[in-house]
Amino acid sequence: MSFLIDSSIMITSQILFFGFGWLFFMRQLFKDYEVRQYVVQVIFSVTFAFSCTMFELIIFEILKVLNSSSRYFHWKMNLCVILLILVFMVPFYIGYFIVSNIRLLHKQRLLFSCLLWLTFMYFFWKLGDPFPILSPKHGILSIEQLISRVGVIGVTLMALLSGFGAVNCPYTYMSYFLRNVTDADIVALERRLLQTMDMIISKKKRMAMTRRTMFQKGEVHNKPSGFWGMIKSVTTSAPGSENAHFVPDLTLIQQEVDALEELSRQLFLETADLYATKERIEYSKTFKGKYFNFLGYFFSIYCVWKIFMATINIVFDRVGKTDPVTRGIEITVNYLGIQFDVKFWSQHISFILVGIIIVTSIRGLLITLTKFFYAISSSKSSNVIVLLLAQIMGMYFVSSVLLIRMSMPLEYRTIITEVLGELQFNFYHRWFDVIFLVSALSSILFLYLAHKQAPEKHMAP
Amino acid sequence: MRKVKRGERGVGKSSLVHLLCQNQVLGNPSWTVGCSVDVRVHDYKEGTPEEKTYYIELWDVGGSVGSASSVKSTRAVFYNSVNGIILVHDLTNKKSSQNLYRWSLEALNRDLVPTGVLVTNGDYDREQFADNQIPLLVIGTKLDQIHETKRHEVLTRTAFLAEDFNAEEINLDCTNPRYLAAGSSNAVKLSRFFDKVIEKRYFLREGNQIPGFPDRKRFGGGTLKSLHYD
């Protein structure tokens with residue numbers, strides 16, 4: 001009886017998450033496009049719903065809501081469904097939509113998408129070989145096999161994003177790094193941009209006029225195409241010798257125009273950059289801006305500390321055994337001498353901590369995905385990209401569950417260990433540290449180079 | 001003599017500009033960063049004794065309507081002294097048509113500000129367009145990708161759209177030059193539009209000052225009476 005109640009609660013919450021994923025899709029991701037394939041929207045929302053349900057189960061675990069056995073059942077079921085989606089459905093549909101875009105293969109879409117899916121499975125399987133993630137006593141088609149591989153991909157993603165985010169966050173928040181931009185700079189750059197456009201226009205006017213006169217004089221091809229075309233038109237138009245002057249001129253002018261257009265594009269991007277910096281400078285003078293500036297200092301210390309800890313972990317080959325909650329309680333009880341009910345507080349504090357981690361990681365991921373989507377999608381590829389994002393999101397959330405195990409006290413870890421089987425969790429943490437370190441250091445290098453290069457461009461007269 | 005083309009990313013503005021200016025199909029369209037320009041030679045009042053030839057600059061302004069405000073401010077520099085506006089939308093994507101309202105607001109705001117007319121963002125006002133002195137043209141692209149059965153519904157919708165803007169409309173496929181072949185109704189509409197732009201620019205100067213039209217002589221060489229290339 002209680003099982004039925006528990007199941008209905010779970011199902012209601014899943015429907016809620018599904019609705020939220022649907023709304024997010026409609027309002028944020030696809031707000032500039034028309035949704036024609038509802039399959040894509042459904043898959044995205046379903047992935048989102050099941051991922052969030054996993055987090056919900058963790059929270060229930062901590063708060064001891066619902067019956068223990070029904071929790072276990074839902075864990076298993078949820079995990080199976082998510083793996084099914086991530087390994088079978090989404091890759092298949094990605095292959096299907098890619099193939100649909102290519103006109104040649106349109107007739108045998110299904111066949112080719114199956115082929116693509118088989119290729120994906122092959123590489124997915126091979127991924128597990130170089131990593132010591134499993135104890136050898138598991139069979140081929142067990143959950144552990146699939147989860148371990150999904151975990152590797154997801155943890156890599158998490159560490160990359162986390163490393164970059166840890167470095168980028170103080171860089172964007174702190175106003176110390178803001179370049180000084182005056183209105184005069186912007187006006188000067190705009191003037192250069194318009195001058196370049198003027199030059200392009202005058203050259204194009206010449207070209208247009210040339211083409212028109214040539215056309216009126218009855219030239220067969222009104223534009224020289226390539227090297228041989230140029231040679232041919234010069235030699236065959238010997239009688240009308242004035243034409244021979246036009247043809248090489250056109251290619252020369254075209255080259256000049258191409259160079260100028262490239263310059264105009266760069267100037268446009270630089271001007272947009274200057275406007276953005278100016279806005280940030282103004283924002284930093286407001287109250288909110290000052291608050292974020294302060295946070296930035298805080299985050300930079302946190303970032304340095306994390307990099308330091310990651311290095312220590314790798315160098316001294318240690319994986320943290322106790323979670324921050326128990327550690328914190330130990331410290332307060334032993335060193336500060338404050339006595340309080342350990343069990344009660346540990347439950348609540350870990351709930352808050354885990355809750356914050358979950359919420360911030362979901363929110364951070366959705367924002368990053370949205371930005372990414374706006375940057376690279378077009379009306380042709382939007383379906384494929386959304387499905388890729390759904391895949392990334394699913395893998396990310398599954399690996400978050402793996403890693404979150406570390407932040408919870410021992411008694412709550414058991415359910416994850418039970419459900420996910422005997423994975424080598426320590427490996428994942430080590431792998432996370434390594435990739436995090438690599439990502440953070442390369443982001444620092446990258447931002448440093450980008451920052452240094454920019455002022456030089458503006459200092460030039 | 002300047003005309004600005006506006007529309008969402010990926011609707012086919014660059015292909016359209018190439019088709020209009022060079023009578024050829026663009027082989028490998030790629031994304032437009034910033035703004036690209038092309039020039040079309042147009043015969044004003046073709047076939048009549050008053051025929052004159054003009055250069056028309058088509059400024060293809062890229063980007064999307066939801067861009068960061070820094071990109072919008074940079075784009076604004078291209079909207080100075082615009083003589084005509086071509087709004088381009090994708091017939092297979094309804095949202096690009098809806099975004100046209102926001103695009104036109106973005107451009108028209110530039111010229112209407114001097115007269116002190118305040119516009120609330122996002123909402124368009126028909127009177128504002130009726131008052132508008134700048135000629136508008138609405139072009140729908142990717143006509144070939146609309147299935148026969150849906151064509152009527154799509155074309156009715158776009159007709160309403162053009163009416164809202166008080167503008168002419170043309171629907172075509174940028175990969176097929178026959179839509180703009182000489183003598184077709186599309187070519188006639190296009191010609192009439194360019195003629196209107198030229199008239200507004202050069203022949204309405206005497207007497208009524210059009211508010212917000214800064215007198216710019218920067219683009220010299222706009223009027224050509226006789227042509228020869230030296």
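This report describes aromatic contacts, charges placed over rings, and salt bridges in a predicted model.

**Aromatic pairs**

Over all chains, the structure holds 18 aromatic pairs. One of them joins A:Phe24 and A:Phe44, whose rings are stacked, with 6.3 Å centre to centre and 15° between the planes. A:Phe24 belongs to helix 1 (residues 2-29) of chain A and A:Phe44 to helix 2 (residues 38-63) of chain A, so this pair ties together parts that are 20 residues apart in sequence. With a relative accessible area of 12%, A:Phe24 is buried, because the limit for that class is under 20%. A:Phe44 is likewise counted as buried, at 1% relative accessibility.

The ring centres of A:Phe432 and A:Phe436 are 6.1 Å apart and their planes are at 15°, so the pair is stacked. Both residues lie in helix 14 (residues 425-459) of chain A, where they are four residues apart, about one turn of the helix. A:Phe432 is buried, its relative accessible area being 15%, and A:Phe436 counts as buried at 2% relative accessibility.

Ring pairs can also connect several residues. A:Phe92, A:Tyr93, A:Tyr96 and A:Phe97 are linked by ring pairs into a cluster.

**Charges over rings**

A:Phe436 takes part in a further contact: A:Lys306 lies over the face of this ring, at 5.1 Å from the ring centre. A:Phe436 is therefore a buried residue, at 2% relative accessibility, that has a stacked partner in A:Phe432 and A:Lys306 over its face. Elsewhere in chain A, the ring of A:Trp125 has the charged end of A:Arg149 over it, 4.4 Å from the ring centre.

**Salt bridges**

Six salt bridges are found over all chains in a search of the whole structure.

| A:Lys278 | A:Asp183 | 3.0 Å |

The salt bridge of A:Lys278 with A:Asp183 links distant parts of the chain: A:Lys278 is in helix 8 (residues 243-284) of chain A and A:Asp183 in helix 6 (residues 183-216) of chain A, 95 residues apart. A:Lys278 counts as partly exposed at 23% relative accessibility, and A:Asp183 also counts as partly exposed, at 47%.

A:Glu256 is partly exposed, with a relative accessible area of 36%.

A:Arg265 is partly exposed, at a relative accessible area of 27%, and A:Glu262 is partly exposed at 38%.

Helix 1 and helix 2 of chain A are tied together by A:Phe24 and A:Phe44.

Terms used
Residues are numbered from 1 along each chain as its sequence is written. Chains are lettered from A and ligands numbered from 1 in the order in which they are written. This is a predicted model: local features need pLDDT of at least 70, side-chain atom pairs count only at pLDDT 80 or more; totals for chains, interfaces and linings use all residues. Side-chain values use heavy atoms; hydrogens and water are left out. Rings of Phe, Tyr and Trp (its six-membered ring) pair if their centres lie within 6.5 Å; planes under 30 degrees apart count as stacked, over 60 as edge-to-face and the rest as tilted. Helices (H or I, at least four residues) and strands (E, at least two) are DSSP runs, numbered from the N terminus. Buried means under 20% relative accessible area, exposed over 50%, partly exposed in between (1.4 Å probe, protein chains only). A charge sits over a ring if NZ of Lys or CZ of Arg is within 6 Å of the ring centre and within 35 degrees of the ring normal. A salt bridge is a side-chain nitrogen of Lys or Arg within 4 Å of a carboxyl oxygen of Asp or Glu.
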